[in-house]
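Subject: Structure handover

Hello,

I am passing the structure on to you, and my notes follow below it. Please keep the structure open while you read them.

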Amino acid sequence: MAMKLHLFLLASFLLVSTSAAFATSPAPKSSPLPSPSPPPPVTKPPTPAPPVAKPPTATPPVAKPPTTPTPPIVKPPTPTPPVAKPPTTAPPVAKPPTAAPPTPPRNTKECYPPCLVRCKNHSRQNVCLRACVTCCDRCKCVPPGQSGNKEVCGTCYTNMKTHGGKPKCP
C-alpha cells in the first residue's frame with residue numbers, strides 16, 4: 001500500500017511540473033497564429049479510489065466432534081401399586097325431612113295464624129299481614145318460615161304482583 005502511495009505522489013509531481021513548464025515557455029513572437037489561449041487552470045489530481053477489498057475467503061466447515069454412542073435408556077422398574085382396599089360404600093346422603101305443607105286454609109280466619117308467623121320479623125308487620133292474608137285467601141297457601149320458600153305455594157303465590165309491578169306476597 002505504501003508503494004502505491006509513493007508512486008501516486010511521484011506521478012502527480014511529474015504531472016504538475018510538466019504542465020507548469022509548458023505554461024511558462026515563451027511563445028514564438030513571429031507566429032502567424034493567434035496567441036495561444038491562457039493555460040488551463042491547475043487542477044488537483046483525482047483522489048485515488050479506495051482499494052478494492054478482497055472478498056472474504058470461505059471458512060472451512062466446522063467439524064463436529066465425534067459423538068460417543070449413548071447407552072440405551074433403561075427405565076427404572078415401576079413400583080407395584082399398593083393393594084387397594086375395596087371402597088366402602090358411604091351411606092346415601094339423606095335429605096333432612098321437609099315439613100309437609102299444612103292443610104290449605106279454607107277462609108280468611110284460617111290464614112291469619114300462619115301469616116302472623118310469616119310476618120313476625122318484618123319491619124312493617126301490618127302491611128305484611130294485610131298482603132299475606134290476601135295472598136293466602138286467593139292462593140289457599142302460606143309458605144313455611146319467616147321468609148323465602150315461596151315456590152312451595154306454586155305460581156299463584158310467586159306470580160302475584162302489586163300495582164307497581166313488585167311481588168305482592170311476602
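How are α2 and α3 oriented to each other? They are oblique to each other, a word used here for angles that are not under 35 degrees (roughly parallel), over 145 (roughly antiparallel) or 65 to 115 (roughly perpendicular). The axes of α2 and α3 cross at roughly 130 degrees and come within 9 Å. Axes are lines fitted to C-alpha atoms, for helices over the stretch in contact, and the angles run from 0 to 180 degrees between N-to-C directions. The crossing of α2 and α3 is right-handed, that is, the near helix is turned clockwise from the far one by less than a right angle.

Some background before the rest. This is a predicted model, in which local features need pLDDT of at least 70 and side-chain atom pairs count only at pLDDT 80 or more, while totals for chains, interfaces and linings use all residues. Residues are numbered from 1 along each chain as its sequence is written, and side-chain values use heavy atoms, with hydrogens and water left out.

Overall make-up

The protein has four helices and zero strands, in the order α-α-α-α from the N terminus on. Helices (H or I, at least four residues) and strands (E, at least two) are DSSP runs, numbered from the N terminus. Of the 170 residues, 12% count as buried; buried means under 20% relative accessible area, exposed over 50%, and partly exposed in between (1.4 Å probe, protein chains only). Among contacts with a separation of 6 or more, 43% are between residues 24 or more positions apart, where contact means heavy atoms within 4.5 Å.

Where α2 and α3 meet

On the α2 side, the residues are T108, C111, Y112, C115, L116 and R118; they meet L129, C132, V133, C136 and D137 in α3. By class, this contact has eight nonpolar, one polar and two charged residues. Here Ala, Val, Leu, Ile, Met, Phe, Trp, Tyr, Cys and Pro count as nonpolar, Asp, Glu, Lys and Arg as charged, and the others, Gly among them, as polar.

The cores

A nonpolar core is a set of buried Ala, Val, Leu, Ile, Met, Phe, Trp, Tyr and Cys residues joined through side-chain atoms within 4.5 Å. The largest one has nine residues: C111, C115, C119, C128, L129, C132, V133, C136 and V142. Both α2 (108–118) and α3 supply at least two residues of this core, and α3 gives the most, with five. L129 is in contact with Y112, C115, L116 and C119, leaving aside its neighbours within four places in sequence. A second, separate core of seven residues includes C135, C141, C153 and M160.

Single residues

V127 lies in helix α3 (residues 125–139) and is partly exposed at 33% relative accessibility. V127 and P170 are 43 residues apart in sequence, and their C-alpha atoms are 9.8 Å apart in space.

K140 is in the loop between α3 and α4 (155–159). Phi of K140 is near 60 degrees, a positive value in a residue other than glycine. With a relative accessible area of 34%, K140 is partly exposed. Not counting residues up to four places away in sequence, K140 touches P104, P105, R106 and C135. K140 and E110 are 30 residues apart in sequence and 9.8 Å apart from C-alpha to C-alpha.

N149 is also found in the loop between α3 and α4. Phi of N149 is positive too, near 55 degrees, in a residue other than glycine. N149 counts as partly exposed at 34% relative accessibility.

Regards
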